[in-house]
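Please read this short briefing alongside the sequence and the 3D structure.

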Amino acid sequence: MARFVRWYGSGPLHLLVLICSFALTGYALVRLVAIRPLDVAIWFVGAVVLHDLILLPLYSLADLSAQSVLRHRPERTPAVPWINYLRVPAFLSGVLLLVWFPLILNLSIPYQGDTRLPEDVYLGRWLAITAVLFGAAAIAFALKLRRVRRAARVDEERPAPGHDAP
């Protein structure tokens, strides 16, 4: 098992899940291409162009900016990797915005007959979900920081090896 993990880089369950996801994606692609090949090709090319030429530079710039803001501060506390506590809620909020932007920005035809909701509720709800995501990430970061500080305090109070306690 250790040889497999060293060769592959992860456990066999990871490989199995990866193979299953590729199989499911391939099945969906074959089914979609059989029905609407031109639409799938246009969507794929548009998604690649949108991601690689527009979105990737934007979120790379945002990530570098967030890291540079706090990079030069002195470390008074034990170091806790904080950037993922910012990346995850920003990513989830961005995905929600990307999927639902016509309703959030009130750019679509009314869906009142379908959803039974007025058009003006989507922006407030997206902002509320975004606030909850960032709040949950802040709480998770605070708990992690507290745990690391507690462990550092216990390490400081522990006598050094080789010294006998009186």
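W7 is exposed, with a relative accessible area of 68%; exposed means over 50%, buried under 20% and partly exposed in between, using a 1.4 Å probe and protein chains only. This is a predicted model, in which local features need pLDDT of at least 70, side-chain atom pairs count only at pLDDT 80 or more, and totals for chains, interfaces and linings use all residues. Residues are numbered from 1 along each chain as its sequence is written, and side-chain values use heavy atoms, with hydrogens and water left out.

**Aromatic residues**

- Rings of Phe, Tyr and Trp (its six-membered ring) pair if their centres lie within 6.5 Å; planes under 30 degrees apart count as stacked, over 60 as edge-to-face and the rest as tilted.
- Three aromatic pairs are counted by this rule.
- The F4 and W7 pair is tilted, because the ring planes stand at 45 degrees, with the ring centres 6.2 Å apart.
- F4 and W7 are three residues apart in helix 1 (residues 2–8), so about one helical turn separates them.
- F4 is partly exposed, at 26% relative accessibility.
- One aromatic cluster is formed by F4, W7 and Y8.

**The chain as a whole**

- The protein chain has six helices and zero strands, where helices (H or I, at least four residues) and strands (E, at least two) are DSSP runs numbered from the N terminus.
- Along the sequence, the pattern of the protein chain reads α-α-α-α-α-α.
- Of the 166 residues in the protein chain, 9% are buried.
- The protein chain exposes about 13,800 Å², of which carbon and sulfur atoms supply 70%; accessible areas come from the Shrake-Rupley method with a 1.4 Å probe, and for residues only the protein chains shown count as cover.
- Among contacts in the protein chain with a separation of 6 or more, 44% are between residues 24 or more positions apart; contact means heavy atoms within 4.5 Å.

- P12 lies in helix 2 (residues 12–35) and is partly exposed at 37% relative accessibility.
- Leaving aside neighbours within four places in sequence, P12 is in contact with M1 and F4.
- The C-alpha atoms of P12 and M1 are 8.6 Å apart, while eleven residues separate the two in sequence.
- S93 belongs to helix 4 and is buried, with a relative accessible area of 7%.
- Not counting residues up to four places away in sequence, S93 touches W126, T130 and L133.
- V148 is found in helix 6 (residues 122–157) and is partly exposed, at 23% relative accessible area.
- V148 and V80 are 68 residues apart along the chain, and their C-alpha atoms are separated by 7.6 Å.

**The largest pocket**

- A pocket is an open set of points on a 1 Å grid over the protein atoms alone, where a 1.4 Å probe fits, with protein on both sides within 12 Å along at least five of seven lines; lining residues have an atom within 4 Å of a point.
- The largest pocket holds about 640 Å³ of space; grid points are joined across faces, edges and corners, and the volume is the space filled by probe spheres set on the points.
- Its lining has 19 residues, and Y59, R87, A90, F91 and G94 lie nearest the centre.
- Helix 3 (37–71) and helix 4 (83–104) each supply at least two lining residues, and helix 4 gives the most, with twelve.
- The lining has 14 nonpolar, three polar and two charged residues; Ala, Val, Leu, Ile, Met, Phe, Trp, Tyr, Cys and Pro count as nonpolar, Asp, Glu, Lys and Arg as charged, and the others, Gly among them, as polar.
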